[in-house]
Amino acid sequence: MCARTRNNEKQTLTLSALFAGLFAVAGLMVGLFVDSMVIVFDGVYSLVSLLLTLLSLAASRFIVRPSCDRFTFGRAIFEPAVIAVKGAVILLVVGYSLYSAIVSLLTGGHEVDASVATVFGVVNVIGCAFVWWYVAAKNKRVSSGLIEAEASQWQMDTLLSVAVTAGFVIAWLLSLSPLASFAVYADPVMMLAISAFFIKVPFTMLMSAMRELFLMAPAEELRQTIDESVAAAVEESDQEIELSGVAKVGRELWVDVDFYPDNSDVIRVKDIEQTRETIREKLSDLPLKLQITVNIAG
């Protein structure tokens, strides 16, 4: 990753951290003031996002350091490790909120000042949507796993704010209708619906990161691209070449191929280098750092 890309990543994560801190403080203060578990959850989620963003910032600086005696294969593995931690923590927050909503429903719900909550919700939606748009746009230019995870966090926060605002409007309308007695259930019902819907986001983050940590095969689309690159290398060589292993680890792509030379010929270095360069050329459009290993097979 070049210096300019690293700076963009750092700037994006720093801005995300500042906004997460702002929304966390505002959400907790308003949530406690109007006695809304949904708004408190939104504030807690923003606080967790802040802590996780700071973790991403630290990891971003650490990952780009060169290999050393302790990390002879580099530090790429720390990116999926950080994303796994983020996914697991968010999953715990959502899971606890789901539990709290169920308890509140079973104990009769509670009243919420819907007018103040609705105004806060509108402001929150606008702010979160802006940060989500900004981070997602930066990810298209930088293509960083850390920024992509950050965009997922803000997407979740934006949609959460939309759902909360809509819920409070419904609660306010209920309070003016003959069904006013049911308005006390609006807050926990919103929390229940939001938790159940958004639990997929951190789960997907966690599973994707675990695939990389355990060096499992990458997504089918990426695997197909790699297969095509190896097939091109076979066409350009008179030797047998076979893909033996592939893994995406953070911003790196590891490709291992077996080279089967003709036993009647002397193994030529240029044939091995040609194989490596052909594969590298075919994969050059991928926004990943390539690590291609050619093994001499018997």
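**Rings and cores**

Tutor: Ring pairs join F19, F23, F130, W133, Y134 and W154 into a cluster. Please bear in mind that this is a predicted model. By the pairing rule, the count comes to 6 aromatic pairs.

Student: What makes the aromatic pair of F130 and Y134 stacked?

Tutor: The angle between the planes of F130 and Y134 is 25°. Planes under 30 degrees apart count as stacked, so the pair receives that name. The centre-to-centre value for F130 and Y134 is 6.5 Å.

Student: Where do F130 and Y134 lie?

Tutor: Both belong to helix 4, 4 residues apart, which is about one turn of the helix.

Student: Why does F130 count as partly exposed?

Tutor: Its relative accessibility is 41%.

Student: Which residues have the most contacts inside the largest nonpolar core?

Tutor: They are V38, I39, V164, M191 and I194, in a core of 23 residues. Helices 1 to 6 each supply at least two residues of this core, and helix 2 gives the most, with 7 residues.

Student: What is V38 in contact with, leaving aside its neighbours within four places in sequence?

Tutor: V38 is in contact with V164, D187, M190, M191 and I194. A second, separate core has 18 residues, including I272, L290, I292 and V294.

Terms used:
Residues numbered from 1 in each chain as written. Predicted model: local features only at pLDDT ≥ 70, side-chain atom pairs only at ≥ 80, totals over all residues. Heavy atoms only, no water. Core = buried A, V, L, I, M, F, W, Y, C linked by side-chain atoms within 4.5 Å. Buried < 20%, exposed > 50% of the residue type's maximum accessible area, 1.4 Å probe, protein only. Contact = heavy atoms within 4.5 Å. Phe/Tyr/Trp six-rings, centres within 6.5 Å; stacked < 30°, edge-to-face > 60°.
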